[in-house]
Amino acid sequence: MNASTKEKVADLVATFKSTGRIVIVGASLAGLRAAEALRKEGFTGKLTIIGDEPEEPYDRPPLSKQVLKGWVPADHTKLPRARQVDAEWRLGVAATGLDRVNKQVRLANGEQVPFDRLLIATGTRAREWPNKKEAALEGVFTIRTSNDAARLQKALAAKPSRVLVIGAGFVGSEVASVCRELGLPVTVVERASAPLVGALGGVIGAIAAEMQRDHGVDLRTGIGVKSLEGDGKGHVRRARLSDDSVVECDVVLKSLGSIRNTEWLQGAGIAAGFWGVGCDAGCRAFDINGVVTDSIFVVGDIARFPYVLYEYQFLVLEHWDNAVLGAQVAAHNMVSLEADRWPHLPLPGFWSGQFGVNIKSVGVCSFGNEIVFTQGSVKERRFAAAYGRRGRIVAAVTFNHAKWLEHYGAQIERSAPFPPPPAGYDRPPELKPVPAEFPDPHVTTSLPTVILTGHDPTERGAEFQARVH
Amino acid sequence: MRVVVDLNRCLGYAQCVFLAPTVFELHGEEALMYDPNPDDATRLKVLRAAAACPVQAILVERLGDKEGSATS
């Protein structure tokens with residue numbers, strides 16, 4: 001590039017930073033941290049943040065713990081600001097469409113918000129109970145928003161005779177833990193063989209199951225809920241399970257996992273669907289053909305990006321720090337030229353406090369197919385275990401053993417051998433890898449929503465096809 | 001006052017529990033639970049806890065900024 005071109009390009013960047021318009025759709029953790037990062041990057045142009053919830057950005061992890069326990073009110077988890085964001089906040093109004101050609105976001109109230117750069121951070125929502133009539137019964141709850149948490153906390157404080165938790169993922173297990181702390185009888189029904197199986201596999205799941213039962217949870221696995229039944233006043237009173245047994249209960253929590261909020265992008269020509277929004281490792285969204293866009297970025301729970309450590313497979317990381325770190329990378333790349341762009345390469349990690357145990361993980365456990373206990377004691381529920389695939393360590397999990405997580409993280413980052421060499425402390429008598437027992441990933445969970453059309457290179461492309469429900 | 005703890009970073013050293021026991025507590029041996037909106041009277045203690053955290057996982061808001069409460 002000659003000197004005058006260089007100068008012109010630098011001028012363009014400076015002009016964009018001072019007069020450009022950036023719109024962030026999604027006003028939760030990722031959206032807020034991206035807004036702060038944009039200001040830190042020197043963006044002084046117009047910044048608009050759109051969120052469907054009326055509340056300003058708040059933290060969700062405390063909702064299923066401190067809040068349900070009754071220690072912290074549900075509206076007391078608002079996120080601290082790292083810096084002034086000086087944005088126009090459009091809260092309580094959902095984005096309903098994206099017009100890529102005219103660069104506008106459509107809002108539920110019919111308004112159009114123009115942008116030069118867009119950041120998609122719409123996250124996920126709780127999966128609904130398929131039977132709407134049953135879901136509408138009084139006493140049937142979900143937990144995703146602070147409003148949900150406030151309602152469920154109130155119901156638990158009223159000392160129900162029994163709580164039924166449907167689904168033993170992290171949220172369901174944490175809620176069951178809080179119920180036991182509150183002295184409430186609780187039944188947990190899980191379709192898989194044990195709690196936490198999707199994230200941590202069957203070997204760890206079996207330990208989680210023991211933990212639940214030791215704390216007095218009536219845990220029933222390999223079983224589903226067939227129907228929820230109410231009394232004459234429309235309040236839930238019992239659940240019928242797939243083995244025809246009946247659980248009497250007056251509070252039901254549906255914790256059935258999450259659905260990605262991508263419906264508003266239907267027809268926008270973006271690679272968005274039930275899988276999330278496809279993007280590169282620099283947070284730039286793909287269009288529907290899988291070609292990278294220059295002005296649309298995506299971050300947080302819905303961003304599906306290729307991950308170097310895991311054979312460049314496209315992963316979605318629904319983790320707290322993925323939102324925080326991704327926000328910094330997305331913001332930086334939104335105001336930088338190609339040569340200055342950063343990759344988003346976090347070491348995935350999450351935590352869950354339940355039944356007095358701190359469960360933490362690094363890497364992607366489900367990418368592994370073997371597991372080996374490397375430190376501590378399973379019996380005392382204080383241990384570390386490593387996950388391996390093809391002779392390499394890909395993840396680790398700790399139960400009340402978090403101080404060693406960094407040690408495993410460093411091994412995962414350099415794809416060290418599996419089983420890992422014994423740690424210098426607290427070794428079990430033998431290190432013997434066993435199958436990690438993850439569910440079969442080949443089981444179909446969704447139908448395709450995109451088809452290919454056209455033959456000539458000029459008209460060849462992908463087209464969105466709405467699914468018939 | 002708004003507080004958030006990066007619990008990915010937190011390793012359960014519990015310095016904050018000693019310094020601000022009404023705001024931070026351990027659930028079991030190492031799972032941290034905390035009040036994300038503690039009373040302003042605890043501010044000094046919380047700031048000390050944030051400063052003492054060996055892994056610097058505690059973020060305390062230092063802005064007097066009320067923006068964000070505006071709705072459409």
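In the predicted model, chain A holds an open sheet of 6 strands in the order β3-β2-β1-β7-β21-β20, with mixed pairing. Strands (E, at least two residues) and helices (H or I, at least four) are DSSP runs numbered from the N terminus, and two strands pair if DSSP finds at least two bridges between them. The edges of the sheet are taken by β3 (88-91) and β20 (284-286) of chain A; each has a single partner strand, so one side of each is left without a neighbour in the sheet. On average, neighbouring strands of this sheet are turned by 30 degrees against each other, direction ignored. Axes are lines fitted to C-alpha atoms, for helices over the stretch in contact, and angles run from 0 to 180 degrees between N-to-C directions.

Within this sheet, β1 (residues 21-25) and β7 (residues 117-120) of chain A pair in the parallel sense over 4 bridges. Ile24(A) stands opposite Leu119(A) in β7(A). Helix α2 (residues 29-40) of chain A packs on the sheet and touches β1, β2 (46-51), β3 and β7 of chain A, contact meaning heavy atoms within 4.5 Å. The direction of α2 makes about 160 degrees with that of β1(A).

A further open sheet of chain A has 3 strands in the order β13-β14-β15, with antiparallel pairing. Its edge strands, β13 (225-230) and β15 (246-248) of chain A, each pair on one side only. Neighbouring strands here are turned by 20 degrees against each other on average, direction ignored. Strand β14 (residues 236-241) of chain A runs antiparallel to β13(A) and is joined to β13(A) by 5 bridges; Glu229(A) stands opposite Arg238(A) in β14(A).

Strands β22 (residues 303-307) and β23 (residues 313-316) of chain A run antiparallel and are joined by 4 bridges. They form a hairpin with 5 residues between them, and Glu311(A) in the turn has a positive phi of about 55 degrees. Tyr307(A) stands opposite Gln313(A) in β23(A). A positive phi, of about 75 degrees, is also found at Cys283(A), although this residue is not a glycine; Cys283(A) is placed in the loop between β19 (276-278) and β20 of chain A. Phe418(A) and Pro419(A) are joined by a cis peptide bond with an omega of about -5 degrees, and Pro419(A) lies in the loop between α9 (405-413) and β29 (434-435) of chain A.

Between the chains, 45 residues of chain A are in contact with 36 residues of chain B. About 3400 Å² is buried between chain A and chain B, 53% of it on carbon and sulfur atoms; buried area is the accessible area (1.4 Å probe) that two parts lose on being put together, summed over both. In chain A, the residues losing the most area to chain B are Trp71(A), Arg81(A) and Lys403(A), together 20% of what that side buries.

The two chains share 2 salt bridges (a side-chain nitrogen of Lys or Arg within 4 Å of a carboxyl oxygen of Asp or Glu). In one salt bridge, the side chains of Glu25(B) and Lys69(A) meet at 4.0 Å, N to O. On the side of chain A that touches chain B, at least two residues each are supplied by α3 (66-69), β3, α6 (170-181), α8 (320-334), β24 (349-354) and β25 (357-363) of chain A. The largest share of that side, 5 residues, comes from β24(A).

Residues are numbered from 1 along each chain as its sequence is written, and chains are lettered from A and ligands numbered from 1 in the order in which they are written. Local features need pLDDT of at least 70 and side-chain atom pairs count only at pLDDT 80 or more, whereas totals for chains, interfaces and linings use all residues; side-chain values use heavy atoms, with hydrogens and water left out.
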